[in-house]
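Welcome, and please load the model in your viewer with the sequence panel open. We will walk from one selection to the next and look at what is there.

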Amino acid sequence: MRNVQHPETLADLSQDALITLFDIDLTKVNGGITYFCDKLNERNEPMIWKEQVYTPYPIIARGFEVRGDGPSGRPTLTVSNLLGWVTGAVAAYDGIVGCKVTRRQVQARYLDPMNFITESNPDHDPLAEFVDRWTINRLTSLNKNSATFELASPSETDNAVLPARPVLANVRPSLQELKQKYGKTAVLPYRGFPSVNKRGS
């Protein structure tokens with residue numbers, strides 16, 4: 001894992017470089033929100049995005065590809081356990097399972113002006129980010145050097161409800177069941193047309 005004392009800086013990267021930033025939200029377990037990025041800005045200081053400071057910290061993210069033809073995979077986030085930070089968080093916050101992880105990706109050219117030696121950036125655009133959100137599903141490994149967490153899409157989290165209803169897979173009433181329950185003039189939810197065909201059968 002990259003040494004936290006020697007992360008890459010914007011000076012070493014092109015303006016088209018993709019910067020990845022992570023928000024780890026522990027408020028569900030009475031913690032705070034931590035902001036991490038594995039790069040420094042051009043001033044050799046913590047990265048700043050939308051005026052939020054992101055602490056330079058070694059993070060390796062894998063498996064974040066999003067699939068359009070089926071369930072998304074379970075990406076992993078490996079975080080340095082420097083100074084026992086993760087061990088302390090896991091012990092204090094019951095494993096932090098269920099907490100939210102937000103990944104933000106933005107091209108270097110759109111970053112806040114404070115990231116650059118000149119403190120100016122005419123291309124700065126706070127809307128030029130790609131954001132995806134995940135939930136910590138489980139802790140897969142922990143040692144003195146690092147910790148690895150498996151993430152899941154919020155809708156795939158065990159016992160999820162959307163909204164306030166259990167998430168059930170491949171469950172839908174048949175036409176016959178709808179007719180028996182609501183009659184031939186039944187209306188399908190959110191559709192506004194009868195649940196029977198033109199023949200009424």
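Let us begin with a definition: rings of Phe, Tyr and Trp (for Trp, its six-membered ring) pair if their centres lie within 6.5 Å, and planes under 30 degrees apart count as stacked, over 60 as edge-to-face and the rest as tilted. With that rule, a search of the whole structure gives four aromatic pairs.

Before selecting anything, note that this is a predicted model, in which local features need pLDDT of at least 70, side-chain atom pairs count only at pLDDT 80 or more, and totals for chains, interfaces and linings use all residues. Residues are numbered from 1 along each chain as its sequence is written, and side-chain values use heavy atoms, with hydrogens and water left out.

**Stop 1: the aromatic cluster**

Select F22 and F64. Their ring centres are 6.4 Å apart and their planes stand at 55°, so this pair is tilted. F22 sits in strand β2 (residues 18-25), while F64 is in the loop between β7 (59-62) and β8 (76-80), so the pair links parts of the chain that are 42 residues apart. Strands here are DSSP runs (E, at least two residues) numbered from the N terminus, and helices are runs of H or I with at least four.

Are these two residues buried or exposed? F22 is buried at 4% relative accessibility, and F64 is buried at 6%. Buried means under 20% relative accessible area, exposed over 50%, and partly exposed in between (1.4 Å probe, protein chains only).

Show F22, F64 and W134 together: they form one aromatic cluster.

**Stop 2: the sheet**

Now switch to a cartoon view. Which strands form the open sheet, and in what order? There are nine, ordered β5-β6-β3-β2-β9-β10-β11-β8-β7, with mixed pairing. Two strands count as paired if DSSP finds at least two bridges between them. β5 and β7 stand at the edges with a single partner strand each, so one side of each is left without a neighbour in the sheet. On average, neighbouring strands of this sheet are turned by 35° against each other, direction ignored; the axes are lines fitted to C-alpha atoms (for helices over the stretch in contact), and angles run from 0 to 180 degrees between N-to-C directions.

Step along the sheet from β2. β2 and strand β3 (residues 33-37) are antiparallel and share five bridges.

Next, β3 meets strand β6 (residues 52-56) in a parallel arrangement with two bridges. Here F36 has T55 in β6 as its bridge partner, and C37 has P56.

**Stop 3**

Move on to β5 (47-49). β5 joins β6 through three bridges in the antiparallel sense, and M47 has Y54 in β6 as its bridge partner. The hairpin has two residues between the strands. Select K50 and E51, both in the loop between β5 and β6. Most residues other than glycine have a negative phi, and most peptide bonds are trans. K50, not a glycine, has a positive phi of about 55°, and E51, also not a glycine, has one of about 70°. K50 is partly exposed with a relative accessible area of 40%, whereas E51 is exposed at 68%.

**Stop 4: T102 and its surroundings**

Now select T102 in strand β9 (residues 100-107). T102 is buried, with a relative accessible area of 10%. Which residues is T102 in contact with, leaving aside its neighbours within four places in sequence? They are L21, F22, D23, V131, D132 and R133, where contact means heavy atoms within 4.5 Å. One of them, F22, takes you back to the aromatic cluster.

**Stop 5**

Finish with C37 and C99. C37 is buried at 0% relative accessible area, and C99 is buried at 1%. How many disulfides does a search of the whole structure find? The count is zero, a disulfide being a pair of cysteine sulfur atoms within 2.5 Å.
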